[in-house]
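The sequence and structure come first.

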Amino acid sequence: MKEIELKMQGEIKRLTNQTFKFDERIHEGWFSAVYFLKTREIVEKYHSDNIVTMQFFQKEHAILCGTDEVIALIKTFAKNADELEIRSLKDGDKIKPFETVLTIKGPYQNFGYLEGIIDGIFARRTSVATNVYNVVKAARKSGVQKPVIFMGDRDDHFTQQSGDGYAAYIGGSKAQATHAMNEWWGKQGMGTMPHALIQLFRGDVVEATKAYKAEFPEDELMALVDYNNDVITDSLKVAREFGEELKGVRVDTSRTMVDQYFCRNPEVMGAFDPRGANPVLLFALREALDKEGFNHVKIVATGGFNAKRIESYEEQGVPIDIYGVGGSLLKIHIGFTGDNVLLNGEHEAKAGRRYRDNPRLELVD
């Protein structure tokens, strides 16, 4: 059983290193800035009895993520970790600029070298969770919550997938492209067919879909329909072939391409950008499917979507049932800062910093 299930059942309060599987070289200081390691040595020699309070914050309205991971990091690698006083918010909490999200109290030499790693965990996890939250929020602007598939596997190093997938889950995405993205919280990745499959069937989307259905009969059948840059023609081909068995069509038209629909209907041009999976094309696709009785076929749109674009599409009532979003969700734009703000219980901090207590913080067992 995954730790996330135990947490949801109330049997544990936080995920641990059993989930995160930290690199043991953290203990050696391999991932810490060298000046933190040097400071640890100096403090150990000159001020080992002092107690500091370190607090962490950021400067945006955001969805916090990374608290369990940070606490597990401290519990795993800090010296005498059980003697530290840790107070923290929780993953999924909405946070404000300059709000304290975590404090650590204890001898600096026991945990201080982890400061930069903690900042980095918070920065990445919170950025991804916030990006996903904003996309999911935009995708319900019409009044119906439309699923958002997290498709960030090709936009960053593969080693980041598990953590990014968990952050996306905290942000509200429950459908993700790889098994690794689901490792910390879910079961298996989901997906249908890439362009490569259709290429191997020489562009014949019907034959490619037949093969997919034969090999994965338990999957909901969704066909990728932009390979030939004629999404309406190919959507109707697969819909006529599979009827009620076809659950959806995915449109992934490049934003440098103009679909063949517009070449056949030049009279509709002139008042909008005809490239990519644009609203006019998607309205025409929905109309064509409905006209032949394929009202049940959902439209999945992918390629270049972000919160702003989705919000615009929803305001226009574009008939998209599911969004697939990738690169825009991985932009790291929320930076965290760790500051020592109290020394032996008294104010002592760099100019411009002060202890900001937060009544929402919970004492970590």
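A pocket is found on a 1 Å grid over the protein atoms alone: it is an open set of points where a 1.4 Å probe fits, with protein on both sides within 12 Å along at least five of seven lines, and lining residues have an atom within 4 Å of a point. A volume is the space filled by probe spheres set on the points, with grid points joined across faces, edges and corners. The model is predicted, and local features need pLDDT of at least 70, side-chain atom pairs count only at pLDDT 80 or more, and totals for chains, interfaces and linings use all residues. Residues are numbered from 1 along each chain as its sequence is written, and side-chain values use heavy atoms, with hydrogens and water left out.

**Pockets**

In the classes used below, Ala, Val, Leu, Ile, Met, Phe, Trp, Tyr, Cys and Pro are nonpolar, Asp, Glu, Lys and Arg are charged, and the others, Gly among them, are polar.

| Pocket | Volume | Lining | Lining classes |
|---|---|---|---|
| Largest pocket | about 850 Å³ | 33 residues | 14 nonpolar, 12 polar, 7 charged residues |
| Second largest pocket | about 570 Å³ | 22 residues | 8 nonpolar, 7 polar, 7 charged residues |

Ile-149, Met-151, Gly-191, Arg-250 and Thr-302 lie nearest the centre of the largest pocket. Helices (H or I, at least four residues) and strands (E, at least two) are DSSP runs, numbered from the N terminus. Strands E10 (298–302) and E11 (322–325) each supply at least two residues of the lining of the largest pocket, and E11 gives the most, with 3 residues.

In the second largest pocket, Phe-22, Glu-69, Arg-125, Thr-159 and Gln-160 lie nearest the centre. Two or more lining residues come from each of helix H2 (17–20), H4, H6 and helix H7 (161–171). H6 gives the most to this lining of the second largest pocket, with 6 residues.

**Sheets**

Two strands pair if DSSP finds at least two bridges between them. Strand E9 (residues 246–251) pairs with E10 in the parallel sense over 4 bridges. Arg-250 has Val-300 of E10 as its bridge partner; Arg-250 is also among the residues nearest the centre of the largest pocket.

Another open sheet of 6 strands runs E13-E12-E1-E5-E3-E14, with antiparallel pairing. Strands E13 (346–347) and E14 (362–363) are at its edges with a single partner strand each, so one side of each has no neighbour in the sheet. E14 pairs with strand E3 (residues 85–88) in the antiparallel sense over 2 bridges, and Leu-363 of E14 is the bridge partner of Arg-87.

**Helix packing**

Contact means heavy atoms within 4.5 Å.

Asn-134, Val-135 and Ala-138 of H6 make the contact with Ala-307, Ile-310, Glu-311 and Glu-314 of H13. By class, this contact of H6 with H13 has 4 nonpolar, 1 polar and 2 charged residues.
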